[in-house]
Amino acid sequence: MNDITTIAGQLNAQGLKIAIVASRFNDFIVDRLVAGAVDYLTRHGLDPATLTLVRVPGAFELPLVCRKLVTAHRFDGLVALGAVIRGATPHFDYVCAEATKGLAHTMLESGTPIGFGLLTCDTIEQAIERAGSKAGNKGVEAAAAMLETVRVLEQL
Ligand code: INI
């Protein structure tokens, strides 16, 4: 491993301008994801003055608002946070598919990393497990992935 060129991102958020985009739907879960992402980023050197939190109605609106933020406001990275929980109809599948596709498309189109912190769960229990209990906090993971990707892109 010593003789290969390795490019890896440092987990240092100093000097970055970051936005968290979070849905209001299922806010009792999403607020835990937001808290995790904010805690992670500020503990990794982000100045809170350069961190913006944008609220959107639901997961379906995440891609559009992320797109506007990266085109109009030149953020270094975004963290998209939400929670879609399966109900009695196929609505869940449409919201998950469009939010996921839209975020991936926005990231590729803009070249700006977007941490994907959208929970897609069959039950409320699964969502609680991923919002700061036994399966960790997916808001933290999304923030960490975004930060690492920002720092990798800078070197390419
Ligand atoms: N939005 C969510 O973020 N989570 C959900 O679980 C959800 N369900 O189940 O309906 C949801 N729906 C709203 C959707 O994201 C849009 O906000 C709405 O359809 C208006 O465009």
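A polar contact is a pair of N or O atoms within 3.5 Å; within protein, one must be able to donate a hydrogen and the other to accept it, and residues adjacent in sequence count only if both atoms are side-chain atoms. Keep that in mind.

Now the ground rules. This is a predicted model: local features need pLDDT of at least 70, side-chain atom pairs count only at pLDDT 80 or more, and totals for chains, interfaces and linings use all residues. Residues are numbered from 1 along each chain as its sequence is written, and side-chain values use heavy atoms, with hydrogens and water left out.

At alanine 83, a backbone N or O atom is 2.8 Å from a nitrogen of the ligand. Histidine 91 uses its side chain: a polar atom there lies 3.3 Å from a ligand oxygen. Taken alone, the ligand exposes 470 Å², and the protein buries 75% of that (accessible areas by the Shrake-Rupley method with a 1.4 Å probe; for residues, only the protein chains shown count as cover).

Next, the neighbours. A residue counts as near if one of its heavy atoms lies within 4 Å of the molecule or strand. Around the ligand we find, among them, Ser23, Phe25, Gly58, Glu61 and Val95. By class, this shell has 7 nonpolar, 4 polar and 1 charged residues. Nonpolar covers Ala, Val, Leu, Ile, Met, Phe, Trp, Tyr, Cys and Pro; charged covers Asp, Glu, Lys and Arg; the others, Gly among them, are polar.
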